[in-house]
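Trainee: I have this one open on my screen and would like to go through it with you. Can we start with the aromatic residues?

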Amino acid sequence: MAFARTCSVALLGVDGVVVEVQADLEPGVAAFTLVGLPDKALSEARDRVRAAVCNSGEAWPQRKLTVGLSPASVPKSGSGFDLAVACAVLAAAERLPPPAIADLLIIGELGLDGRVRPVRGVLPSVLAAADSGFRRVVVAEQTAAEAALVPGVSVLGVRSLRQLIAVLTDAPVPEEPPDPMAGGPDPLLAGLLLPGTAVRRVGTDPEFGPDMSDVAGQHEARSALEIAAAGGHHLYLKGPPGAGKTMLAERLPGLLPPLTRTEALEVTAVHSVAGLLPPGRPLIDLPPYCAPHHSTTMPAIVGGGSGLPRPGAVSLAHRGVLFLDEAPEFPVRVLDALRQPLESGEVVIARSAGSLRLPAGFLLCLAANPCPCGRYSRRGEGCDCTPVMVSRYQGRLSGPLLDRVDLRVQVEPVTRTELLERDRHAERTAVVAERVRSARERAAARFAGTPWRTNAQVPGRELRSRWRPDPGALVEAEREMERGLLTARGLDRVLRVAWTVADLAGQDVPGRTELRIALGLRRGFPTGVRSMDGPL
């Protein structure tokens, strides 16, 4: 009996589980059995691996072959086990020294010609390997830069099975022949990038990206964007078509500070699993911007799919902005499904194949027209909708969902003067982002030694006991609560916004003015919010 083992990784959402790949050869009729809860793509590895080994110039063992994936109780999916299975089989057949692969973690799909193809989810896989003590990993050459983001891990990127065999046997590494499709699209990247996920990186180019100076007028909305970015508060923009709601939302990611190293690895891991890492850019260091269409289904928003769930829009927007344009047009079930991640910063998806916990710490930005025709206003001019139509349309955004939104802004139509005459005082994104960065630094210094970094993350009990506003500042908010116009959750969120307004103004403690501003933003009728060319 001949036996060999190596290791690979099974992904459960964005978490990896190290899997031991065992190969056993015994006398008997030639057969290839793969066990360990493989899915359809993994079961087909038997034919891929056999063809790849033979086309790499190696002999396929003509004995009874059993390949086991342990732990057997963990579902395995995908084609990333191919290269590990091939190495384990060759080591069991004594073509490779078994000790040479015993401490390796190997990830990669095999083509029928023996070339190693990249797979999605390499970064979370290598992170799981590093946590388990592995220090050497083998991946496809195209994903070597992504794997190298994990500190303390030595990465070997290979183009083919032949090259890996040569490295493990200390033989001269063969040069691979040129790709017959050179000059065209890289066939090895097919399936690695998935289109149609509504994820964009707005503002990656400071010179040509969206800038706050492009926004005409909208001083209250611009100030609300600054407060949202500084404190991590959710935002609701309500106004007629063409007022600039989408334009404002697209400039919100540019106000957020760049991701820290830890945050960048979190975001990159999610996008790697989803197949969204752009070629040549293995690390996402800017906040993502996800804007799904209102026809998007529930699994596409919160995550899901057949078998084990995949990340949805709430996870793809982790550490960034999730923008729902025409929010009342989204299905009510989809909107209400956002309530859990808005509170906890993560989403839990249960399926028959298992339950997954995915990160979903996003900044939500809702945009909506006031009525189906979009012309409804408090003055009632130009709107043909009946009161029942207006009430039904606005009621599609449920009270429990809006109760979790800190800032509500009425976006009024831009006047002709504001649109045609350039505002000399309109600030660029870089200027506003610097104020946001300073406000976040003040909050981080205040929360040093705690698990919180922004005002939106602080529990209400801490704001009411440990970080209290000036005496008497809550009188107006308490009166609103007694009248039933403000919930307990709403009061906590008003306190959070008041602290952000104080941080932007450079004040140590929020006073009555900051509470009045926060309460006005909560009502949807901002009071005391000045234009961007002066302090709040």
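This is a predicted model: local features need pLDDT of at least 70, side-chain atom pairs count only at pLDDT 80 or more; totals for chains, interfaces and linings use all residues.

Trainee: What sits over the ring of Phe447?

Mentor: That is the charged end of Arg446, which lies 4.8 Å from the centre of the Phe447 ring.

Trainee: And how many aromatic pairs does the count come to?

Mentor: The count comes to 4 aromatic pairs. One of them is Phe32 with Trp60, whose ring centres are 5.6 Å apart and whose planes stand at 40 degrees, so this pair is tilted. Phe32 belongs to strand β3 (residues 31-35), while Trp60 is in the loop between α2 (45-55) and β4 (64-70), so that the pair links distant parts of the chain, 28 residues apart.

Trainee: Are those two buried or exposed?

Mentor: Phe32 counts as buried because its relative accessibility is 10%, and Trp60, at 12% relative accessibility, counts as buried too.

Trainee: Back to the tryptophans, then: how are the rings of Trp452 and Trp467 arranged?

Mentor: Their centres are 6.3 Å apart and their planes are at 80 degrees, and since planes over 60 degrees apart count as edge-to-face, the pair is edge-to-face. Trp452 has a relative accessibility of 14% and counts as buried, and Trp467 is buried with a relative accessible area of 10%.

Trainee: Switching to the whole chain, how many helices and strands are there?

Mentor: The chain has 23 helices and 17 strands. Of its 536 residues, 52% count as buried. If you take the contacts in the chain with a separation of 6 or more, residues 24 or more positions apart account for 72% of them.

Trainee: Which residues make the contact between α22 and α23?

Mentor: Let me give the geometry before the residues. The axes of helix α22 (residues 488-505) and helix α23 (residues 512-523) come within 8 Å and cross at roughly 125 degrees, and that angle is why α22 is described as oblique to α23. The crossing of α22 past α23 is right-handed. On the α22 side the contact involves Gly490, Arg493, Val494, Leu495, Val497, Ala498, Val501 and Ala502, and on the α23 side Glu514, Leu515, Ile517, Ala518, Leu519, Leu521 and Arg522.

Trainee: What about α5 and α11, at what angle do they pack?

Mentor: Helix α5 (residues 122-131) packs against helix α11 (residues 261-274) at an angle of about 120 degrees, and the two axes are 7 Å apart. That angle makes α5 oblique to α11. Here Val122, Leu123 and Pro124 of α5 meet Leu265, Thr268, Ala269, Ser272 and Val273 of α11.

Trainee: Now the backbone: where is the cis peptide bond?

Mentor: It joins Ser70 and Pro71, with omega at about 10 degrees, and Pro71 has its place in the loop between β4 and α3 (82-92). It deserves a look because most peptide bonds are trans, just as most residues other than glycine have a negative phi.

Trainee: So which residue other than glycine has a phi near 55 degrees?

Mentor: That is Gln218, whose phi is positive. Gln218 lies in the loop between β10 (199-200) and α8 (219-231), and with a relative accessibility of 10% it counts as buried. Glu326 is likewise not a glycine and has a positive phi, of about 50 degrees. Glu326 is in the loop between β13 (321-324) and α14 (332-336), and because its relative accessibility is 26%, it counts as partly exposed.

Trainee: One last thing: what is Asp325 in contact with, leaving aside its neighbours within four places in sequence?

Mentor: With those neighbours set aside, Asp325 is in contact with Thr246, His294, Phe330 and Ala367. Asp325 lies in the loop between β13 and α14 and counts as partly exposed, at 25% relative accessibility. The C-alpha atoms of Asp325 and Ala368 are separated by 6.6 Å, although the two residues are 43 residues apart along the chain.

Technical notes:
Residues are numbered from 1 along each chain as its sequence is written. Side-chain values use heavy atoms; hydrogens and water are left out. Rings of Phe, Tyr and Trp (its six-membered ring) pair if their centres lie within 6.5 Å; planes under 30 degrees apart count as stacked, over 60 as edge-to-face and the rest as tilted. Helices (H or I, at least four residues) and strands (E, at least two) are DSSP runs, numbered from the N terminus. Buried means under 20% relative accessible area, exposed over 50%, partly exposed in between (1.4 Å probe, protein chains only). A charge sits over a ring if NZ of Lys or CZ of Arg is within 6 Å of the ring centre and within 35 degrees of the ring normal. Axes are lines fitted to C-alpha atoms, for helices over the stretch in contact, and angles run from 0 to 180 degrees between N-to-C directions. Angles under 35 degrees count as roughly parallel, over 145 as roughly antiparallel, 65 to 115 as roughly perpendicular and the rest as oblique. A crossing is left-handed if the near helix is turned anticlockwise from the far one by less than a right angle, and right-handed if clockwise. Contact means heavy atoms within 4.5 Å.
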